[in-house]
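Visitor: I have a model open and would like to talk through it before using it for anything. Could you take me around?

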Amino acid sequence: MKPGKQLLYEALTSATVSGLVGGRIYHHHPPKEPALPLITYRQVAGTVDTADGAPAFARSRIEVKIWGQGGLEDIAMAVLSAVANLPCRMVSDVDLYDYDLLCRVKAMDFEVFSPL
């Protein structure tokens with residue numbers, strides 16, 4: 001099975017999401033002076049759970065941020081649709097504002113489960 005970060009990235013590059021942000025999906029941080037809207041993603045935590053004393057599956061906590069002036073809710077719905085078939089759950093959904101880029105940011109955290 002693929003690691004959680006790779007599973008989520010592949011979901012983000014689906015036609016539904018990329019139709020809204022193009023190829024502007026970046027690992028960690030957006031570039032300087034980016035075109036908006038865009039998405040960033042990064043793994044913020046991870047653990048390995050055991051069963052009968054042996055590693056059974058990994059839990060990866062992946063943060064997905066949607067950056068833009070507007071339309072973030074439409075992109076968020078596309079992200080939720082894209083990850084619907086993954087072994088994951090959304091942990092949090094927070095609306096923020098970035099004062100450097102002067103844009104809205106929707107931060108969504110997912111916990112992705114990957115069998116080992």
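Visitor: Which side chain does the side chain of Glu63 make a polar contact with?
Guide: In this predicted model, the partner is the side chain of Arg42, at 2.8 Å. A polar contact here is a pair of N or O atoms within 3.5 Å, where within protein one must be able to donate a hydrogen and the other to accept it, and where residues adjacent in sequence count only if both atoms are side-chain atoms.

Visitor: And is Glu63 buried or exposed?
Guide: Glu63, which lies in strand β3, is buried, with a relative accessible area of 13%. Buried means under 20% relative accessible area, exposed means over 50% and partly exposed is in between, using a 1.4 Å probe and protein chains only. Helices (H or I, at least four residues) and strands (E, at least two) are DSSP runs, numbered from the N terminus.

Visitor: What else does Glu63 touch?
Guide: Not counting residues up to four places away in sequence, Glu63 touches Thr40, Tyr41, Arg42, Val44, Met108 and Asp109, with contact meaning heavy atoms within 4.5 Å.

Visitor: Thr40 is on that list, so where is the place of Thr40?
Guide: Thr40 sits in strand β2 and counts as buried, at 2% relative accessibility. The side chain of Thr40 makes a polar contact with the side chain of Trp67, at 3.0 Å. Leaving aside neighbours within four places in sequence, the residues in contact with Thr40 include Tyr26, His28, Pro30 and Glu63.

Visitor: Where in the chain is confidence lowest, and where is it highest?
Guide: Confidence is lowest in strand β2 (residues 38-51), at a mean of 86, and highest in helix α3 (residues 72-83), at 97. The chain averages a pLDDT of 91, and 97% of the residues score at least 70, where pLDDT is the predictor's confidence in each residue, from 0 to 100.

Visitor: New topic: how many residues has the largest nonpolar core?
Guide: The largest nonpolar core has 22 residues, and those with the most contacts inside it are Leu8, Leu12, Ile39, Val64, Ile66, Val79 and Phe110. The elements that give two or more residues to this core are α1, α2 (15-21), β2, β3 (54-68), α3 and β5, and the largest share, six residues, comes from α3. A nonpolar core is a set of buried Ala, Val, Leu, Ile, Met, Phe, Trp, Tyr and Cys residues joined through side-chain atoms within 4.5 Å.

Visitor: Let's follow Leu12, then. What is in contact with Leu12?
Guide: Leu12 lies in helix α1 and counts as buried, at 0% relative accessibility. Leaving aside neighbours within four places in sequence, Leu12 is in contact with Val17, Ser18, Ile25, Ile39, Tyr41, Val64 and Val79. The C-alpha atoms of Leu12 and Val79 are separated by 6.4 Å, although these two are 67 residues apart along the chain.

Visitor: Which are the buried residues of helix α1?
Guide: In helix α1 (residues 4-12) they are Gly4, Leu7, Leu8, Ala11 and Leu12. Seen down the axis of α1, these buried residues fall within an arc of 135 degrees, so they line one face of the helix; the arc is that of the directions from the helix axis to the C-beta atoms.

Visitor: Last one: how do β4 and β5 run?
Guide: Strand β4 (residues 88-98) and β5 run antiparallel, joined by ten bridges, and two strands pair if DSSP finds at least two bridges between them. They form a hairpin with four residues between them, and Leu102 in the turn has a positive phi of about 55 degrees.

Methods: Residues numbered from 1 in each chain as written. Predicted model: local features only at pLDDT ≥ 70, side-chain atom pairs only at ≥ 80, totals over all residues. Heavy atoms only, no water.
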